[in-house]
Amino acid sequence: MPLLEAKGITKIYGALTALDKADLMVRDHEFHGLIGPNGSGKTTLLKCVAGAEFPTAGTIAVAGRDITNAMPPERSRAGLSIKFQITSVLPQLSVYDNVLLALQAQDSILGLMLSRSRRALHEKTMDLLARFRLESRRDELAGVLSHGQQQWLEIAMALAREPKLLLLDEPTAGMSPQERRATGELLAPIKQTCSMLIVEHDLDFIKDICDSLTVLDQGQVVASGPILEVQNSARVKEVYLSHA
Amino acid sequence: MNQPVASRTKRQIIPVIELTLLVIALILPLFLQDFWVLFTTRVFILGMLALSFDLVWGYAGMMSFGQALFFGMAGYSAALLATKWSITSVFVLLPVGGAVGLVVAFLIAGIIILGKRPPNLVFVALGTLTSSYVVERLARGWSYVGGQNGIPSLPRLTAGSFELTEGPLFYYLALVLLALVYLGLRILTRSQFGLVLAGIRQQENRMAFFGYKVQNYKGFVFCLAGLIAGISGGLYAFHEGYVGPGQLGPVLSTQVVLYALFGGAGTLIGPIVGTGLVDLFSFYLSQIWETGWPIVLGLLLLVIVVFRPTGLIGFLVSDRERVGSFGRPTKAAPPTPDARHEPA
């Protein structure tokens, strides 16, 4: 059974059909890339999976459980976690508190009022900060981190809940080549614990870390499968050449 | 502006203000005339109401224009128990006041907050304002609760066979209650729950994707604020010896908003300072210019709110201290070279 199965996803905004019967499948421990020219519907598809948008038609299931109409907190409990394209760290909280906030999300209101898990989550928080090279900046406000570090912090926060499927929307946007390479290194070990669906413009980055790929154009799936297979597809070449 | 790594260890201003005000409040009746003891007691009780608003707006980001509704309904309920059933025990009337505030807040939260999606700011503001207005109008027209005149000549509160007379005794009762509510809220807002509220205030939409059901947290805070407003409403009615429709309506609700904004919302101590100063200015200005004093007060408040959105406390306390830190206290890490760099 695939981890994520989206079937016939259609999203219509007024007169615009952003997605037209798009299918998407991600398996366990698979890194799956979602690419396409600007306006092809990849971010809309990712948002439909995350619950930031609801499809006009089609179904979405995670590990066999239908989440098509589930609100974001339910999707989070089903094992989904997202990092949006625009970084949305909490700028007035410390780096440490940002991660703690993500880690403690499963606690009850009473548990949070009594700060029951604060001590227990300390080590996990520090581990995540160390993994994403933010340990030395833990007491600084998240808002003063560089753009690249904010992206890392947000990935750390998205991973805090140990999701089954991590959704990343352009995680390397605005990064320097060094930061991009470092991001690839930071993401690679995640494969042992979860799957990933990643929207990205940087094809080299996608080729480096993904196992499979889905290509969208004008809201429709043009090709989907292992990277090499998709790369050699005549239809995909046509799409990219026509937009070059 | 980049904050230093060790900023957590910087001197905290708020505890100094808290301790100073507590010491002053404890010894004040020794130096005050009766009128000022009553005045300050009223400030403590209204300060508790302002705290309830601060919790809702300053911490959970919901603009409530209806705090007076919980305050007034609690006051009316306690007054009815005292006048119709001769119940005057403080151990019954204050919990009843709190319970009424809590239940009314829960009913309103059920309509305007606890939906499928988190409520927006305008919806909560209009919903609470309308509720407050409607109930005030109903009270004005309902003879059972005294109509326009309210319920006057309330008996004194009692504790056993002991009468709680207005003056130093009531003063210390109000001070103890205010201190307990303050301490409880201080612990709450510095707990992991407070961290969730800080998250909701800064990135409400993001919180849902972490798995937080934001409307549940907002509903909880709204009800807790209703409980606090209810306790203060019950106390206020017996301090004044009277409860009337004005204690339910938008005028008092708006006054509470001004207390908090003037003093500094989201700090707990700010709204209490704001209550004291606004009432003090109102009193003195009304002595100087009997008819036009609200204009001067209004302009003063406007200047503070426009030029210092963090209120008077914002002049003394940094944003970092205001928001606070929630994690386990750690020794500050030595600054690394990259920590000293300005962000890219």
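Chain A holds an open sheet of 4 strands in the order E2-E1-E4-E5, with antiparallel pairing. Strands pair here if DSSP finds at least two bridges between them. This is a predicted model: local features need pLDDT of at least 70, side-chain atom pairs count only at pLDDT 80 or more, and totals for chains, interfaces and linings use all residues. Residues are numbered from 1 along each chain as its sequence is written, and chains are lettered from A, ligands numbered from 1, in the order in which they are written.

The edge strands are E2 (16-26) and E5 (65-66) of chain A; each pairs on one side only. Strand E1 (residues 4-13) of chain A joins E2(A) over 7 bridges, in the antiparallel sense. Lys11(A) stands opposite Leu19(A) in E2(A). Strands (E, at least two residues) and helices (H or I, at least four) are DSSP runs, numbered from the N terminus.

Now chain B. Helix H2 (residues 34-59) and helix H6 (residues 168-189) of chain B have axes that come within 8 Å and cross at roughly 15°. Axes are lines fitted to C-alpha atoms, for helices over the stretch in contact, and angles run from 0 to 180 degrees between N-to-C directions. That makes H2(B) roughly parallel to H6(B) (angles under 35 degrees count as such).

The two chains also meet. The contact takes 42 residues from chain A and 36 residues from chain B; residues are in contact if their C-beta atoms, placed from the backbone, lie within 7 Å. On the side of chain A that touches chain B, the largest share, 5 residues, comes from H3(A).

Definitions and conventions
Angles under 35 degrees count as roughly parallel, over 145 as roughly antiparallel, 65 to 115 as roughly perpendicular and the rest as oblique. Two residues are in contact if their C-beta atoms, placed from the backbone, lie within 7 Å.
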